[in-house]
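Here are my notes on this model. Please read them with the structure open.

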Amino acid sequence: MKTVKQGDSGEEIAILNNALTQAGYTVKDDLTFTPELRETVISFQQQQGLEPDGIVGYDTWEALLLGGESEATELVDEDFRRGAMLLDCETAALRAVQEVESGSCQGFVAPGKPTILFEGHIFWAQLKKRGIDPAEHAAQNSDILYPTWNKGHYRGGIKEYDRLERARAIDREAADASASWGMFQVMGFNFAACGEKSVESFVAAMQQSARSQLKLFVRFIYRGKLLPALQRKEWATFARYYNGPQYAQNHYDVKLAKAYSKYAR
């Protein structure tokens with residue numbers, strides 16, 4: 001969503017008015033950002049713990065469009081629509097990424113357990129980053145610790161937590177950073193790009209709800225290099241940034257294009 005402030009006018013103001021009304025505020029049906037509307041925005045920002053500057057930028061839009069308490073473990077069409085509005089992209093594009101990454105709207109494999117995929121080659125690198133020699137632990141952990149990517153060690157579903165817990169016994173932070181989390185499968189080491197202060201807070205947010213997973217994903221797209229590619233549906237570029245340089249081995253770009261075509265219809 002475009003940043004708007006006092007004096008602006010247009011469709012974004014109508015969206016702002018509607019979002020504030022849904023949040024319980026009384027606003028005039030006007031397409032101009034009036035001084036009165038600015039005061040209402042400031043009140044909302046104060047209530048949300050945001051900087052009360054009266055300017056509706058990303059953080060305020062996020063709180064308006066994706067805020068509120070939710071314990072739902074699945075997303076509905078309106079969640080995807082609002083996430084797409086926040087990123088100024090097509091809803092079908094968001095749906096395509098979600099389908100290719102998790103295969104369904106299931107962000108959880110069990111209560112409190114987000115869908116994950118543990119990456120042993122990332123764990124190898126994360127241990128080294130923390131001054132731990134992975135080779136010292138590899139002999140007894142060949143299915144969770146290896147220097148190059150190997151999809152043969154994936155177990156899928158809830159069984160991925162068996163691998164994660166064994167990795168956590170070696171180093172919890174490195175282990176959590178080495179798994180992809182939630183229905184959009186965002187890697188734990190991307191916690192800062194998702195607006196989180198630590199891997200621990202990132203995992204806690206992933207455990208909250210499907211909407212929380214969506215918020216982290218949208219932040220990740222917004223703050224990184226991915227947004228232009230998603231907006232333009234440049235799937236090879238998007239897949240290279242999102243899935244890594246070996247994306248073509250799993251045909252991620254082809255899968256994304258196919259999924260987008262399905263939802264665009």
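Which residues of helix α10 are buried? The points below start there. The model is predicted.

1. Helix α10 spans residues 199–206. Its buried residues are V199, F202, V203, A205 and M206. Viewed down the axis of α10, these fall within an arc of 160°, so they line one face of the helix.

2. Now the sheet. Three strands make it up, in the order β3-β4-β5. The sheet is open, and the pairing is antiparallel. β3 (116–118) and β5 (186–187) are the edge strands. Each has a single partner strand, so one side of each lacks a neighbour in the sheet.

3. Look at the β4 and β5 pairing. Strand β4 covers residues 179–181. Two bridges join β4 to β5, and the two run antiparallel. S180 has M187 in β5 as its bridge partner.

4. A helix packs on this sheet: α8, residues 160–170. Helix α8 touches β3 and β4. The direction of α8 makes about 55° with that of β3.

5. Next, the cysteines. How many disulfides does a search of the whole structure find? The count is zero. C194 is in no disulfide; the nearest cysteine sulfur belongs to C89 and is 16 Å away. A disulfide needs the two sulfur atoms within 2.5 Å.

6. Are C89 and C194 buried or exposed? C89 has 13% relative accessibility, so it counts as buried, the cut-off being under 20%. C194 is buried too, with a relative accessible area of 0%.

Technical notes
Residues are numbered from 1 along each chain as its sequence is written. This is a predicted model: local features need pLDDT of at least 70, side-chain atom pairs count only at pLDDT 80 or more; totals for chains, interfaces and linings use all residues. Side-chain values use heavy atoms; hydrogens and water are left out. Buried means under 20% relative accessible area, exposed over 50%, partly exposed in between (1.4 Å probe, protein chains only). Helices (H or I, at least four residues) and strands (E, at least two) are DSSP runs, numbered from the N terminus. The arc is that of the directions from the helix axis to the C-beta atoms. Two strands pair if DSSP finds at least two bridges between them. Contact means heavy atoms within 4.5 Å. Axes are lines fitted to C-alpha atoms, for helices over the stretch in contact, and angles run from 0 to 180 degrees between N-to-C directions.
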